[in-house]
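Dear colleague,

I am passing on the structure we spoke about, together with some notes on its side chains. Please look through it below before reading on.

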Amino acid sequence: MRAATRGTSESVVSGAPAKPDGAPASGRTGPAGFFPVRRKVLVLLSFVGATMVVLSAFFVLHLYNTQVKDRSRSRAESFTEVLAYAAKQAKSPTDLEAIVRALAATSRIELVAVADSGGTIVATSQQDWRGLGIRRLLERRPLDVLASTPDGLVDGANPDGRYSDFARQIALPFSKAPGIAFIRLKTSASVSAQRAAAWSLLVWLTAGVIISVLTISLVMQRILVAPIEALRVFADQRGASRLLTPLGPPDEVSIVAEALSDAFFATSQGEALLADLAETDGLTGLGNRSHFKAKLDREIAKATRRGGMVGVMVLNLDKFKDINDTLGHSSGDLILQRTAEILKICQRKGDTVARLGADEFGVILANIETPEDSVEFANRFIRAVGAPFRVGAHELHQTACVGLTIFPQDGRDGEVLLKNADLALSRAKQEGSGASVLYRHELHLRAMERNSIERDLRTALAQKQLVLFYQPKVDIHTGRISGAEALIRWRHPERGLIPPDLFIPVAEQCGFITEVTQWVLGEACRQNRAWQQAGLTKIGVAVNVSAVDLRRPDLSDIVAGTLIAHSLSPQYLDLEVTESMVMRDVDVVIGTLRRLRSLGVGIGIDDFGTGYSSLAYLKRFPVKQLKIDRSFVRDIADTRDGQIIPKVIVDLAHALGVSVLAEGVEDANQLEILRSLGCDEAQGYFLGKPMEADEFEAFLRRAADGMHPDATVREIMAVAPSKAKVVPKRPVRMPGSAA
Ligand code: C2E
Ligand code: MG
Ligand code: MG
């Protein structure tokens with residue numbers, strides 16, 4: 001479950017790092033036009049700072065201008081003051097000469113002049129100006145302006161800015177009328193001093209502005225930008241980051257942080273609950289299929305990195321439907337819960353147990369070293385589940401089957417591994433309760449082959465690709481051909497001759513076997529009748545029927561119809577059923593066999609000795625012959641022990657009044673021993689391989705008077721006459737048989 005992170009108003013987030021420029025971590029809050037607060041504040045402060053620097057510059061310029069003017073003016077005032085005083089004392093212009101020269105000698109004055117009321121310069125620091133009109137110095141300032149400001153100082157313009165001219169009206173006692181005092185000041189020296197002062201002021205002001213803007217931006221960053229950015233990261237990650245750094249005093253940001261944090265917490269709680277529900281099986285509390293798949297993917301990724309193996313086990317309860325049907329669904333639920341508990345107890349550290357479906361459980365076996373380890377664990381699970389237990393008044397033994405598959409050998413992704421485990425499980429189900437099957441690559445190949453066989457088989461009949469081969473059966477004691485077994489083959493246009501073991505099981509599984517059996521019955525009867533009509537030795541032909549056929553209630557009707565259709569007497573048709581077939585659904589099978597037997601058709605039990613017959617049932621089967629499985633015949637000459645089972649079968653058959661045939665006789669030695677054991681008939685490559693109809697017909701033709709045509713075989717029969725009791729050729733009525 002995802003851990004939800006709760007935040008409080010005193011904290012702010014620190015989480016996934018924001019991009020350096022403050023861009024958001026995901027696209028949700030960061031579309032193309034996103035303009036972060038930090039940048040906004042920087043732009044604003046830069047703008048304010050720049051404005052303040054410009055304003056300072058204007059201010060300094062203004063200050064500079066006024067100061068330069070004021071200084072010149074106050075100097076001019078004091079100098080003209082001195083001149084005015086000196087003029088008041090002077091009796092003639094000559095008295096002024098001394099003061100004029102003294103003033104002109106100061107470094108700041110360029111020119112001093114005194115003019116009478118008529119404007120004529122009467123005293124001056126530059127002698128060549130004497131007698132000239134003061135108007136030339138005053139330029140555009142007319143005399144009447146001076147007259148209108150009797151005590152005031154009038155400043156004159158100076159085009160190149162190096163000087164400042166000042167003039168004022170002064171009293172001139174020797175001239176009876178007021179005169180004019182004129183002073184030209186050198187401004188350049190004072191201006192450069194002022195300019196330096198103004199520059200230094202400007203620098204200080206700019207530095208002040210920059211420092212203040214930086215200080216303000218630092219404060220803004222701390223109290224506004226950082227909390228807002230942290231909040232943005234928090235919102236961007238929907239509360240996945242943690243609230244750590246103090247927000248400072250409560251403000252709008254902290255309120256939003258708290259509201260967001262609460263909303264995310266509620267959402268994450270809800271999401272976690274939903275995720276839990278979506279991944280849990282309600283009945284057993286185990287993870288469900290999607291949880292299993294996700295976990296499997298993670299284990300595969302881990303094993304890929306580490307280079308280990310992962311076992312995938314699918315366990316299915318046997319006949320669980322019967323429990324639901326007979327004991328009810330609540331008992332079924334109890335069994336499922338019990339199974340879940342057992343699996344949980346049995347699992348190792350690191351394993352994962354889940355319920356994949358109705359009565360199907362999955363286990364991920366992490367860290368296994370060999371595929372065989374997984375089989376061992378699977379058997380442990382099967383044994384534990386199979387222990388007896390009680391449900392109400394019933395004692396139950398719940399068996400289970402297991403399909404196993406291994407990463408990486410059986411598949412590299414979870415989907416494939418689960419599919420292969422299912423395939424192995426269906427194979428285990430075929431093997432019977434309590435089976436565990438490890439998936440192998442061949443299984444998959446076989447399934448693929450099975451699919452193509454199933455597809456082609458349907459056209460095989462129509463296109464006459466199925467053929468019957470006939471293998472002779474020989475009476476061991478007389479050497480006569482006692483019959484033949486019809487064995488089907490499929491002449492496949494691409495694959496050649498396909499043996500029945502490859503396609504009969506497929507035909508059985510897809511239900512097509514009924515058509516196949518009907519065809520074999522018809523063809524065998526037709527061929528046998530044809531041979532009889534051709535004047536050949538009359539023999540019985542045996543047809544193999546499958547378990548599916550045997551369960552059909554109308555099998556005896558089909559057989560009867562076929563015999564009539566081909567005008568064949570029932571004594572020339574035998575049916576072979578395997579021992580394991582008749583031991584399933586015994587009552588149904590006995591009914592069918594009795595009906596067939598009552599038609600006069602002979603019944604042989606094929607592959608006898610491999611199917612664990614119950615002797616009690618065997619007595620009740622209306623059979624004509626037991627066929628000793630060829631696996632016993634193969635071992636018969638190797639050891640003395642090899643003869644024990646064939647001997648027991650021979651004695652049992654004779655005790656039941658049934659004849660015995662040995663299959664798979666491949667050499668004279670085997671034939672000899674079988675004769676000595678009292679076996680009645682034999683079949684095998686030594687006596688004749690399965691042959692096509694033409695070949696078998698030729699074989700029959702060579703068998704003049706019905707004796708085996710091969711000289712060696714005839715010789716054996718003649719040289720070593722059997723000491724065993726010969727059972728009557730006519731079928732013996734079995735106890736309990738209706739026939
Ligand atoms: P089966 O009925 O036990 O047939 C005997 C099998 O043993 C035949 O294999 C035969 O070719 C083989 N055989 C005979 N003599 C020897 C021998 O000396 N040595 C060895 N190694 N094998 C020998 P086949 O023809 O491949 O048939 C296999 C099985 O397929 C049959 O076993 C039978 O169960 C089934 N089958 C054959 N034809 C049909 C059919 O028409 N319908 C059905 N339902 N099953 C059939
Ligand atoms: Mg057979
Ligand atoms: Mg057989």
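At 58% relative accessibility, phenylalanine 47 counts as exposed, because the threshold for that class is over 50%. Please keep in mind throughout that this is a predicted model. Phenylalanine 47 is placed in helix 1, which covers residues 37-89, and together with Leu44, Val48 and Met52 this residue makes up a nonpolar patch on the surface, whose members have about 380 Å² of accessible area together.

The aromatic side chains come next. By the pairing rule used here, the count comes to 5 aromatic pairs. One of them joins tryptophan 531 and phenylalanine 696, a tilted pair with 5.2 Å from centre to centre and 40° between the planes. Since tryptophan 531 belongs to helix 14 (residues 513-533) and phenylalanine 696 to helix 23 (residues 693-702), the pair ties together parts that are 165 residues apart in sequence. Both tryptophan 531 and phenylalanine 696 are buried, and these two residues also belong, with Tyr470 and Phe699, to one aromatic cluster.

Finally, there are charged groups placed over aromatic rings. The charged end of arginine 489 sits over the ring of phenylalanine 469, at 5.2 Å from the centre of that ring, while lysine 689 lies over the face of tyrosine 685, with 4.7 Å to the ring centre.

Technical notes. Residues are numbered from 1 along each chain as its sequence is written. Chains are lettered from A and ligands numbered from 1 in the order in which they are written. This is a predicted model: local features need pLDDT of at least 70, side-chain atom pairs count only at pLDDT 80 or more; totals for chains, interfaces and linings use all residues. Side-chain values use heavy atoms; hydrogens and water are left out. Patches are made of residues with over 30% relative accessible area and no salt bridge: like charges are joined within 9 Å, nonpolar side chains (Val, Leu, Ile, Met, Phe, Trp, Tyr) within 5 Å. Accessible areas come from the Shrake-Rupley method with a 1.4 Å probe; for residues, only the protein chains shown count as cover. A salt bridge is a side-chain nitrogen of Lys or Arg within 4 Å of a carboxyl oxygen of Asp or Glu. Helices (H or I, at least four residues) and strands (E, at least two) are DSSP runs, numbered from the N terminus. Buried means under 20% relative accessible area, exposed over 50%, partly exposed in between (1.4 Å probe, protein chains only). Rings of Phe, Tyr and Trp (its six-membered ring) pair if their centres lie within 6.5 Å; planes under 30 degrees apart count as stacked, over 60 as edge-to-face and the rest as tilted. A charge sits over a ring if NZ of Lys or CZ of Arg is within 6 Å of the ring centre and within 35 degrees of the ring normal.
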